[in-house]
Amino acid sequence: MKTNDDSPFPKRLKEARKAKGLSQKKLGILAGMDEFAASARMNQYEKGVHAPDFKTVKALAHILEVPTAFLYCIEDELAEKILYFCSK
């Protein structure tokens with residue numbers, strides 16, 4: 001799926017990945033991607049070149065321990081509240 005729609009997903013994905021201390025490659029591998037393609041695919045997701053299907057989004061959210069809503073939240077303050085609420 002190609003994207004150029006100013007989705008918040010790339011920013012939130014990168015934010016959550018860094019907070020978890022994972023490399024792009026490691027996150028991709030944990031999400032079930034081929035180890036040789038994982039880094040490139042995750043890089044494309046974080047740059048907004050391509051968007052993952054929802055099954056992959058759910059896997060990434062599970063690994064990153066964030067709700068899927070966080071990954072699509074436009075407003076920074078609301079994204080923080082989603083994380084706070086879900087951590088309780």
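This is a predicted model: local features need pLDDT of at least 70, side-chain atom pairs count only at pLDDT 80 or more; totals for chains, interfaces and linings use all residues.
Visitor: Which residues of α4 are buried?
Guide: In α4, Thr56, Val57, Leu60, Ala61, Ile63 and Leu64 are buried. Seen down the axis of α4, these residues fall within an arc of 165 degrees, so they line one face of the helix.

Visitor: Why would residues spaced like that point the same way?
Guide: An α-helix has 3.6 residues a turn, so residues three or four places apart point the same way.

Visitor: And which residues are exposed on the other side of α4?
Guide: Lys55 and His62 are exposed there.

Visitor: What covers the buried residues of α4?
Guide: The cover includes α1, α2 (24-30), α3 and α5.

Visitor: What follows α4?
Guide: Glu65 follows α4, and its phi is positive, near 60 degrees. Glu65 is a residue other than glycine, and it lies in the loop between α4 and α5. Most residues other than glycine have a negative phi.

Visitor: Is Glu65 buried or exposed?
Guide: With a relative accessible area of 61%, Glu65 is exposed.

Visitor: Let us turn to the core. Which residues touch the most other members of the largest nonpolar core?
Guide: They are Leu13 and Leu27, in a core of 21 residues. Two or more residues each come from α1 (9-20), α3 (38-47), α4 (54-64), α5 (68-72) and α6 (76-86). The largest share, 5 residues, comes from α4.

Visitor: What does Leu13 touch?
Guide: Leaving aside residues up to four places away in sequence, Leu13 touches Leu27, Met42, Tyr45, Glu46, Leu60, Leu64 and Leu71.

Visitor: What does UniProt place at residues 13-71?
Guide: An unreviewed UniProt entry places the feature "domain: HTH cro/C1-type" there. Over residues 13-71 the chain is 68% helix and 0% strand, with the end C-alpha atoms 6 Å apart.

Visitor: New topic: how many aromatic pairs are there?
Guide: The count is 1 aromatic pair. The rings of Phe9 and Tyr72 have centres 5.5 Å apart and planes at 35 degrees, so the pair is tilted. Phe9 belongs to helix α1 and Tyr72 to helix α5, so the pair ties together parts that are 63 residues apart in sequence.

Visitor: How do Phe9 and Tyr72 count in terms of relative accessibility?
Guide: Phe9 counts as buried at 4% relative accessibility, while Tyr72, at 39%, counts as partly exposed.

Visitor: Where does the charged end of Arg12 sit?
Guide: The charged end of Arg12 sits over the ring of Phe70, 5.7 Å from the ring's centre.

Conventions
Residues are numbered from 1 along each chain as its sequence is written. Side-chain values use heavy atoms; hydrogens and water are left out. A nonpolar core is a set of buried Ala, Val, Leu, Ile, Met, Phe, Trp, Tyr and Cys residues joined through side-chain atoms within 4.5 Å. Buried means under 20% relative accessible area, exposed over 50%, partly exposed in between (1.4 Å probe, protein chains only). Helices (H or I, at least four residues) and strands (E, at least two) are DSSP runs, numbered from the N terminus. Contact means heavy atoms within 4.5 Å. UniProt positions are given in the numbering used here, feature names are shortened, and annotations may be inferred rather than shown by experiment. Rings of Phe, Tyr and Trp (its six-membered ring) pair if their centres lie within 6.5 Å; planes under 30 degrees apart count as stacked, over 60 as edge-to-face and the rest as tilted. A charge sits over a ring if NZ of Lys or CZ of Arg is within 6 Å of the ring centre and within 35 degrees of the ring normal. The arc is that of the directions from the helix axis to the C-beta atoms.
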